[in-house]
Amino acid sequence: NSVWVSTDHDEIEKVAKQFGAQVHRRSPEVSQDSSTSLETIREFLNHHHEVDIVGNIQATSPCLHPSDLIKVADLIQKEGFDSVFSVVRRHQFRWSEVKKGENKMTEPQNLNPAKRYRRQDWPGELYENGSFYFAKRHLIEKGYLQGGKMAYYEMRAEHSVDIDIDIDWPIAEQRVLSFGYFGKEPLKEVKLLVCSIDGCLTNGRIYVTEDQKEMISYDYRDIVGINLLKKRGIQVRLISERDCSKTLPAMQLGCVAEVNATNKLQVLEDWRKDIGLSWKEVAYLGNEESDVECLKKAGMSGVPADACAVAQKAAGYICKSSGGCGAVREFAEHIFLLLEKVNSARKQ
């Protein structure tokens, strides 16, 4: 009936409202590092007596699909369950833990080693994956998110992504592009990449010779990335705030470029209209404060690892590579993942 974001953070509140959610401002008591989801939900219910069923969706599970939530809501509203939670099927053999110093052997927990079968031939086990918890009000008021007449909802493995530690993040990014939900509007192919020259294609450094000639360096991997994009039919254009027209020909990129660009967003807007593209078909790679508006407008946006803080905040993707050190090639790979997602959606 309604979608709420529970937070004590001004920026999160702003973003939540931009996407149409209502906001419950958490109290300091339930905003500690040690606070539990249950504590936050109970506080929310104290302020919203009209709510009788809560679906707690975890932000750390970005591949969750609306169709799953609709089915779970039906389990409670139409089939009478008090609580429903998400699980995923795993094919992992478990063994008992032997702590250091203990004089005993490990024991199999869910297999017979004498009749060991291939894991892919085994039906597996259901594991709680933390994606969502639905429960009726009376259960939550007693201090439970799971209880009463319970049911689990088995999610597809490709949708079961849990960001728990740092290493999970890049895996989640790729999974979202391959299996994530992007709304009802059809996905658009990227048809134009606009890349800031200084700090993205180059490392931002300018070397000056004794005879006052400028020299810059770039990474050959980025040139390969640009050529791969072109082969896929994606236009690549370059933009710079300074006049680097003398050094650009030496790079032999064969790309349209705009230098001395005092208003990058206007240049981007003109290019987009000239080619006849929607914003969703435009990708932008920038690294400075002057790139922020372009990053916000583009359908796909990225920055190198060493981009300034405000640019990182505005971007949808932060490369692991720094400017002039493979960031363009890395962002190209990111675009290719989206293209795979678009092609997959078309086949379906």
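In the largest nonpolar core, which has 31 residues, the members that touch the most others are Leu229, Leu238, Leu285, Phe331 and Ile335; a nonpolar core is here a set of buried Ala, Val, Leu, Ile, Met, Phe, Trp, Tyr and Cys residues joined through side-chain atoms within 4.5 Å. At least two residues of this core come from each of strand S7 (192-196), helix H6 (197-201), helix H7 (220-231), strand S10 (235-239), strand S12 (282-285) and helix H12 (327-347), and H12 gives the most, with ten residues. Helices (H or I, at least four residues) and strands (E, at least two) are DSSP runs, numbered from the N terminus. Buried means under 20% relative accessible area, exposed means over 50%, and partly exposed lies in between, with a 1.4 Å probe and protein chains only.

The model is predicted, and local features need pLDDT of at least 70, side-chain atom pairs count only at pLDDT 80 or more, and totals for chains, interfaces and linings use all residues. Residues are numbered from 1 along each chain as its sequence is written, and side-chain values use heavy atoms, with hydrogens and water left out.

A second, separate core has 20 residues, among them Trp271, Val292, Ala298 and Val303. The protein chain is divided into domain 1 (52-90 + 122-165) and domain 2 (192-346), with bounds that come from an automatic or database domain assignment. The C-alpha centres of domain 1 and domain 2 lie 41 Å apart.

**Strands and their pairing**

Six strands form an open sheet with parallel pairing, in the order S11-S10-S7-S12-S13-S14. Strand S11 (256-258) and strand S14 (317-318) stand at its edges with a single partner strand each, so one side of each has no neighbour in the sheet. Two strands pair if DSSP finds at least two bridges between them.

Strand S4 (residues 83-90) has six of its eight residues buried, so S4 is largely enclosed by the rest of the structure.

| Strands | Sense | Bridges | Residue pair |
|---|---|---|---|
| S4 and S6 (residues 150-154) | parallel | five bridges | Val87 and Glu154 |
| S10 and S11 | parallel | three bridges | Arg237 and Val256 |

Ser196 is found in strand S7 and is buried, with a relative accessible area of 2%. Leaving aside neighbours within four places in sequence, Ser196 is in contact with Leu201, Ile239, Lys264, Leu285, Gly286, Asn287 and Asp291.

**Helices**

Helix H7 has twelve residues and reaches 17 Å from its first C-alpha to its last, close to the 16 Å expected at 1.5 Å a residue, where the expected span is 1.5 Å times one less than the number of residues. The residues Asp222, Ile223, Gly225, Ile226 and Leu229 of H7 are buried. Seen down the axis of H7, these buried residues fall within an arc of 155 degrees, so they line one face of the helix; the arc is that of the directions from the helix axis to the C-beta atoms. The face of H7 turned away from its buried side carries the exposed residues Tyr220 and Lys231. After H7 comes Gly233, whose phi is positive, near 85 degrees.

In helix H2 (residues 37-47), the buried residues are Leu38, Thr40, Ile41, Glu43, Phe44 and Leu45, and they pack against strand S1 (4-7), strand S2 (22-25), strand S3 (53-57) and helix H4 (137-141).

Glu13, which has its place in helix H1 (residues 10-18), is buried, with a relative accessible area of 16%. With residues up to four places away in sequence not counted, Glu13 touches Thr7, Val23 and Arg25. Glu13 and His65 are 52 residues apart in sequence, and 23 Å apart in space from C-alpha to C-alpha.

**A loop residue with positive phi**

Asn260 is found in the loop between S11 and helix H9 (264-275), and is partly exposed, with a relative accessible area of 43%. Although Asn260 is not a glycine, its phi is positive, about 55 degrees. Most residues other than glycine have a negative phi.

Technical notes
Contact = heavy atoms within 4.5 Å.
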